[in-house]
Amino acid sequence: MSAERIIAFQGRPGAYSDLACRTARPGWTTLPCQTFAQTIAAVHDGQAELAMLACENSLAGRVPDIHALLPQAGLFIVGEHFQRVEHCLLGIPGTKLGDARRLHTHPVAMAQVRGVITELGLEPVVEFDTAGAAEMVREWGRREDVAVASELAAELNGLEILRRNVEDAAHNTTRFYIASRRPDTLPPPGPDFMTTLLFRVNNQPGALYKALGGLATTGVNLTRLESYMLEGSFSATQFLMDVEGHPETPPLAEALRELSFFSERQEILGVYPASPFRRGA
């Protein structure tokens, strides 16, 4: 089967990652995978052209699996997507709010809907996936069991939306990397680009401060910085960062030259258009 216009994601059909795929790549076929490692492998193995990889959430912070897998993934970041997380309370057809007794969802989603749990006096039951919880509610066919998942999960599983937007915070948004086995042709320099790269520094006082100093002096905005422990050491000497700009434009090019002077290694993982979401964030 050709991988053309197939995008892989972690989760069950109807998961927020599935919704992100359909929003970012309309008309593409989405490929559900059980784990992030399998999602990455689907691209390497030619099952999918792209992977949609959740990397951070405005409430929950970084996504630990991607944080660990990305440096060795061997994929190139070719885009980013921001997906608003709008939790819906779902039940089998005919369910009323008063029927609900147990709420099933992913642990991260559970922490984001404490208000409705308290209001309705529901027993929280943790499941492996939001869309998976919706599938189980459908299979059980019990009005006392409800799920928190996406509108897409309701549509795919024939469930009714008992209440929309049950999340506690309206700004709940997940950012995704869109990754490919091959890098896109480096776009010509211009505004509204993001660059993601890995770098290592010597494990000594002030090394990170010196490495990043060029960003400040050239006016480059650093939007994400993550540290990694290497080779069993508890000294964090490898870092992943997202910065605004194109590596061939003067501000970022100058900052990267200074970074190379103070770092042992640099590896650009992707240069891609900044999401329009950033302009309104």
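Helices (H or I, at least four residues) and strands (E, at least two) are DSSP runs, numbered from the N terminus. This is a predicted model, in which local features need pLDDT of at least 70, side-chain atom pairs count only at pLDDT 80 or more, and totals for chains, interfaces and linings use all residues. Residues are numbered from 1 along each chain as its sequence is written, and side-chain values use heavy atoms, with hydrogens and water left out.

A pocket, on a 1 Å grid over the protein atoms alone, is an open set of points where a 1.4 Å probe fits, with protein on both sides within 12 Å along at least five of seven lines, and its lining residues have an atom within 4 Å of a point. Grid points are joined across faces, edges and corners, and a volume is the space filled by probe spheres set on the points.

The largest pocket has a volume of about 710 Å³. Its lining comprises 29 residues, of which Gln10, Ser17, Phe36, His106 and Val108 are the closest to the centre. Among the elements that give two or more residues to this lining are helix H1 (16-24), helix H4 (107-111) and strand S11 (173-180). At least three lining residues come from each of domain 1 (6-84 + 172-180) and domain 2 (88-163), with bounds taken from an automatic or database domain assignment.

The second largest pocket holds about 300 Å³ of space. Of its 18 lining residues, Glu49, Leu50, Val78, Ser180 and Asp184 are the closest to the centre. Strand S5 (76-84) supplies the largest share of this lining, four residues.
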